Amino acid sequence: MRIPGRTAVLLLASAVTLAALAALCGCTVRPADPDGKRGLPVQVQVPGSPGTGTARPAPAAPSKAPTASPVAPAAPAPRVLWSRGDSGPAVRELQARLRQLAWLTVAPTGSYGPLTERAVQGFQGRRGLPRTGATDAVTWQRLVAMTRTPGKWELYVMGGQPADAPDPRCLTGRVLCISKTSRTLRWMVDGRTLSTMAVRFGAQYTPTREGVFRVYWKSRHHVSTLYDSPMPYAMFFSGGQAVHYSYDFAARGYAGGSHGCVNVRDETAIARLFAQVRVGDKVVVHW
């Protein structure tokens, strides 16, 4: 059978186009089956599809978010035990221990003021602790480890100690009730304490007498003729022994002693007492 020329040209162009598509897309012409029939003349295989021999790239595994390194929690700050403005027996002990190490030179007062704060700062700085000036648990432990328990009169170098119980002989009438045990004087009227103050007694060879006496003379501006020393607000009760204000006691505290008199270091307190006590009032000196 003869094919017209124009038709033959068109068939030839279609064959060329199919061949080009087969080359570009990986197409193959399917051979005839055993019965001599052909299926679809062209099988198109897209690159990357099954059967092409080209593996499809596997999907990328999801990336994990970077994990932060664990941070250790900060150690809690040590508990503050005492700081500026506090007061009481514990502060007095703190001050006495600081005095043992020469960080504090003044006598314990029981009040946490600027001097105590600076002393604590110095102690902390020398031991590599934060210089807060407040006494925390760590500072206190270090201080206790380096000192000894202070004695009673280390705590009360300049007075301020509590008075012990009054002697039974002090519970009636108007009485200057003087305790050698607590080193205190109570001014009592009919068993009621009106005022209390720290006192100092005679030294070893000039002791203050003990017992029950009476005030027999008052001398506001007295000066000792025996020792040539002032005895302001003197209230004599036994020979030359009197209750009076002492400049030495005010300056040195219990570092010194009297020649037998009962010394008072608080001038305001003894001035008030001198105005209230009468000649004839009872004086009890006891342990």
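The model is predicted: local features need pLDDT of at least 70, side-chain atom pairs count only at pLDDT 80 or more, and totals for chains, interfaces and linings use all residues. Residues are numbered from 1 along each chain as its sequence is written, and side-chain values use heavy atoms, with hydrogens and water left out.

**Overall fold**

The protein chain contains 7 helices and 13 strands. These are DSSP runs numbered from the N terminus: helices are H or I of at least four residues, strands are E of at least two. Of the 287 residues, 35% are buried. Buried means under 20% relative accessible area, exposed means over 50%, and partly exposed lies in between (1.4 Å probe, protein chains only). The chain exposes about 17500 Å², and carbon and sulfur atoms supply 59% of that area. Accessible areas come from the Shrake-Rupley method with a 1.4 Å probe; for residues, only the protein chains shown count as cover. Among contacts with a separation of 6 or more, 49% join residues 24 or more positions apart. A contact means heavy atoms within 4.5 Å.

In soluble globular proteins, nonpolar side chains tend to be buried together. Here a nonpolar core is a set of buried Ala, Val, Leu, Ile, Met, Phe, Trp, Tyr and Cys residues joined through side-chain atoms within 4.5 Å. The largest one has 23 residues; L176, I178, L185, M235, V243, L273 and V283 have the most contacts inside it. Elements that each supply at least two residues of this core include β5 (174-179), β10 (230-238) and β13 (282-286). Helix α7 gives the most, with 4 residues. V243 touches I178, L185, Y233, A234, M235, F237, V262, V264 and I270, leaving aside residues up to four places away in sequence.

A second, separate core has 11 residues, including W82, A119, W140 and L143. L143 sits in helix α4 (residues 137-146). It counts as buried because its relative accessibility is 2%. Leaving aside residues up to four places away in sequence, L143 touches L94, R97, L98, L101 and F123. L143 and L98 are 45 residues apart in sequence, yet 7.8 Å apart in space, C-alpha to C-alpha.

**Disulfide**

The structure holds 1 disulfide, defined as a pair of cysteine sulfur atoms within 2.5 Å. C170 is joined to C177, with 2.1 Å from S to S. The link is right-handed, with 80° about the S-S bond. C170 is buried at 0% relative accessibility, and C177 is buried at 2%.

**Salt bridges**

There are 8 salt bridges. Each is a side-chain nitrogen of Lys or Arg within 4 Å of a carboxyl oxygen of Asp or Glu. The table gives three of them.

| Pair | N to O distance |
|---|---|
| R84 and E117 | 3.1 Å |
| R97 and E93 | 3.0 Å |
| D248 and R200 | 3.0 Å |

R84 lies in the loop between β3 (80-82) and α2 (89-100), and E117 in helix α3 (residues 114-126), so this pair ties together parts 33 residues apart in sequence. R84 is partly exposed at 49%, whereas E117 is buried at 19% relative accessibility.

R97 and E93 are separated by about one helical turn because they are 4 residues apart in helix α2. R97 is buried, with a relative accessible area of 5%.

D248 lies in helix α6 (residues 247-252) and R200 in strand β7, so the pair ties together parts 48 residues apart in sequence. R200, D248 and R252 are linked in a network of salt bridges.
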